[in-house]
Amino acid sequence: MKIKSIESFILSDKLKQSFYFSQWEYSERRICIVRVTSDSGHVGWGEGYGPAGIIRAGIEHLTPYILGMNPLETESIWSIMYRRTLDFARSGVLVSAMSAIDVALWDLKGKILEQPVHLLLGGKKRNAIVPYATGMYFTKEQNLSETLATEAKQYAEMGYRAMKMKVGLGIEEDIKHVKAIRKAIGPKIHLMIDANHAYNLREAIQLAQAVEPYNIYWFEEPISPEYYDQYAELRSKTSIPIAGGECEYLRFGFQTLLSSNSVDIVQPDICACGGLTEAKRIAVLASVYGVEIVPHTWGTGIAISAAAHFIANMETMPGRLNPPTCFIEYDRTENSLREELTSTDMVFCNGEIKVSDTPGLGFELNEDALLKYALDGSNGQLPQQI
C-alpha cells in the first residue's frame with residue numbers, strides 16, 4: 001500500500017462580526033486542510049494550525065519526500081518529515097504542515113484498518129470527555145462586562161461545566177470582567193482566563209493575585225512564551241494553576257517548558273506541535289514531570305476530532321479510583337467552517353462529548369462545504385465520493 005497523493009485546500013469565511021483578543025482582531029476564519037489518498041482509494045483528512053498559506057507551502061515542500069510510502073507507517077513518515085525540515089524549521093509553521101499531514105495519516109490509517117484512532121493510539125481510556133466553552137472574546141460593545149456575562153450565562157444554561165474567557169485589556173478591566181462573569185455563572189462552574197501573553201511578569205502577578213478570590217481554574221499564557229523562568233516565578237506567587245504550551249513545538253520544545261517548571265498544565269496543539277505521533281511523545285514527557293495535559297484546540301471539526309481521540313487515549317497521572325475530569329477545548333465563537341465542513345457523532349450532550357468508535361477520526365467531510373469555502377489556488381482537486 002502506498003500514498004498516492006497529498007492535496008491541500010485553503011478554506012476561508014468572512015465573519016459577520018469581528019471579535020478581538022489581547023493581540024489582534026479576527027474578521028475572517030482561514031484554515032489549511034490536507035487530504036491524503038492511498039492507492040487503495042482510502043482518504044484521510046488533516047489540518048494545520050497557523051497561517052494557512054504558509055502551511056500549504058510547507059505541505060507542498062514535504063509532499064515529494066513521502067509520496068509512495070506506506071501510509072500505515074506513521075512513525076517512519078514522521079521521521080522523514082522531521083529530518084527533511086530539521087536544518088531550518090525546528091519549530092513554527094513548517095511543523096504545523098508536518099502536523100496536518102500526520103493527522104491525515106492517522107485518519108487514513110484508521111479507515112484502512114477499520115478502527116478508531118483512539119484504539120490505534122493504544123486504547124480508549126474514557127468513553128466521554130468534558131468540553132469547556134472557549135468564548136467571551138472582546139467586542140466593541142458599550143458595556144462589555146454585561147455582554148460577556150450574558151454570553152457566559154448562556155453557556156452555563158446549555159450545560160457547560162467549564163468555560164474560558166479572554167483577559168488582556170488592562171488589569172482593572174480584566175478584574176471587572178472576571179467579577180461579572182463569575183457572578184453570572186455562580187461558584188460551581190470552572191472558569192479559566194487566557195491573556196494570550198499580553199502581560200509582563202509584574203502585571204501577570206498583579207492580575208493573578210487580584211482574581212484569586214473568583215476561583216480561577218487556570219491562567220493561560222499570562223506572559224510571553226519566551227520567558228520560561230518568569231513563568232516559573234509567577235507560579236510561585238499565585239495559587240492559580242498556570243497553563244501554556246500552544247506556542248511550543250515538538251517534544252524538544254516541551255522539554256524546555258517542563259524542565260523549567262513553567263506550567264501546571266501543558267497545552268500542545270496537535271495540529272501544530274507535530275501531530276498525533278508527536279503529541280503521544282509529549283504526553284509521555286509530561287507524565288515524567290507529573291504535569292497535566294489539556295490540548296489547545298482551534299479550527300475545524302478535524303482538529304476537534306483529533307484532540308478528542310488523543311484525550312480518549314491519554315494517561316492520567318497518578319492513577320486513582322475516581323479519575324480526574326479530562327477537558328477538551330470547545331471554541332464557541334462564530335465559525336461556519338467548523339460547523340459545516342464535517343459531521344460527527346461526537347456531539348455535546350449533557351455536559352460531555354462521547355468519543356466516537358467510527359473508523360479513523362470519526363467524522364465525515366462535507367464536500368459541498370469544501371466547495372463553498374475553498375479559495376482559488378488550493379492545490380487539490382475537490383474530492384470525489386469514495
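**Note on salt bridges, a sheet and a surface patch**

1. Glu-329 is buried, its relative accessible area being 2%. The model discussed here is a predicted one. The side chain of Glu-329 forms a salt bridge with that of Lys-164, with an N to O distance of 3.0 Å. Lys-164 belongs to strand E5 (residues 162–166) and Glu-329 to strand E11 (residues 327–331), so the pair ties together parts that are 165 residues apart in sequence. Lys-164 likewise counts as buried, at 1% relative accessibility; the cut-off for this class is under 20%.

2. For the model, the count of salt bridges comes to 19.

3. A further salt bridge joins the side chains of Lys-124 and Asp-357 at 2.9 Å, N to O. Lys-124 is located in the loop between helix H4 (117–120) and strand E4 (128–134), and Asp-357 in the loop between strand E14 (352–354) and strand E15 (363–365); the pair therefore ties together parts that are 233 residues apart in sequence. Lys-124 is partly exposed at 28% relative accessibility, and Asp-357 is partly exposed with a relative accessible area of 47%.

4. Asp-264 and Arg-235 also meet through their side chains in a salt bridge, at 2.8 Å from N to O. Because Asp-264 lies in the loop between helix H9 (250–259) and strand E9 (265–266), and Arg-235 in helix H8 (residues 228–235), this pair ties together parts that are 29 residues apart in sequence. Asp-264 counts as partly exposed, at 25% relative accessibility; Arg-235 is partly exposed, with 27% relative accessible area.

5. An open sheet is formed by 3 strands in the order E1-E2-E3, with antiparallel pairing. Strand E1 (3–20) and strand E3 (43–48) are the edge strands, each pairing on one side only. On average, neighbouring strands of this sheet are turned by 25 degrees against each other, direction ignored. Strand E2 (residues 25–38) pairs with E3 in the antiparallel sense over 6 bridges, and Ile-33 stands opposite Glu-47 in E3. Helix H1 (residues 52–66) packs on the sheet and touches E1, E2 and E3. The direction of helix H1 makes about 170 degrees with that of E1.

6. Where is Val-284 found? Helix H10 (residues 275–289) contains Val-284. Val-284, Val-288 and Tyr-289 make a nonpolar surface patch of about 290 Å².

Notes
Residues numbered from 1 in each chain as written. Predicted model: local features only at pLDDT ≥ 70, side-chain atom pairs only at ≥ 80, totals over all residues. Heavy atoms only, no water. Patch = residues over 30% accessible without salt bridge, like charges linked within 9 Å, V, L, I, M, F, W, Y side chains within 5 Å. Areas by Shrake-Rupley, 256 points an atom, 1.4 Å probe, with all protein chains shown as cover. Salt bridge = Lys/Arg side-chain N within 4 Å of Asp/Glu carboxyl O. Helix = DSSP H or I, 4+ residues; strand = E, 2+ residues; numbered from the N terminus. Pairing = 2+ DSSP bridges. Axes fitted to C-alpha atoms, helices over the stretch in contact; angles between N-to-C directions. Contact = heavy atoms within 4.5 Å. Buried < 20%, exposed > 50% of the residue type's maximum accessible area, 1.4 Å probe, protein only.
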